Amino acid sequence: MRAKTAGPSDIGNPPAAEGIPATDGFGPPYERPRGVDEQAHLADLPVVHAVYRQAVLDLPAG
């Protein structure tokens, strides 16, 4: 499998541009994405934030 940058608003784009592997699609559960009535489960945001924060802190320095 080959890594690539995808989509105009993909969360993986900034890390990929820096050569950092990223996993896209991890986040709070949601319903009706890209619709006028899109909804995300905001109660899950602290857990998502903690996982992304730890991932950044675990990156090698330099």
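Biologist: What is the average pLDDT of the protein chain, and how many of its residues score at least 70?

Modeller: The protein chain averages a pLDDT of 75, and 61% of the residues score at least 70; pLDDT is the predictor's confidence in each residue, from 0 to 100. This is a predicted model, in which local features need pLDDT of at least 70, side-chain atom pairs count only at pLDDT 80 or more, and totals for chains, interfaces and linings use all residues. Residues are numbered from 1 along each chain as its sequence is written, and side-chain values use heavy atoms, with hydrogens and water left out.

Biologist: Where in the protein chain is confidence lowest, and where is it highest?

Modeller: Helix H1 (residues 13-17) has the lowest confidence, with a mean of 68, while helix H2 (residues 45-57) has the highest, at 87. Where pLDDT is low, the predicted coordinates should not be read in detail.

Biologist: What makes up the secondary structure of the protein chain?

Modeller: There are two helices and two strands, in the order α-β-β-α from the N terminus. Helices (H or I, at least four residues) and strands (E, at least two) are DSSP runs, numbered from the N terminus.

Biologist: Why is the pair Glu-31 and Arg-32 called a salt bridge?

Modeller: A salt bridge requires a side-chain nitrogen of Lys or Arg within 4 Å of a carboxyl oxygen of Asp or Glu. The N to O distance between the side chains of Glu-31 and Arg-32 is 3.7 Å, so the pair meets the definition. Side chains of opposite charge can pair when their charged atoms come close.

Biologist: Why is Arg-32 called partly exposed?

Modeller: Buried means under 20% relative accessible area, exposed over 50%, and partly exposed in between (1.4 Å probe, protein chains only). Arg-32 has a relative accessibility of 38% and therefore counts as partly exposed. Glu-31, at 34%, is partly exposed, and Asp-37, at 37%, is partly exposed too.

Biologist: What makes His-49 count as exposed?

Modeller: His-49 has a relative accessibility of 51%, so the residue counts as exposed. His-49 lies in helix H2. From His-49 to Gly-27, the C-alpha to C-alpha distance is 8.6 Å, at a separation of 22 residues in sequence.
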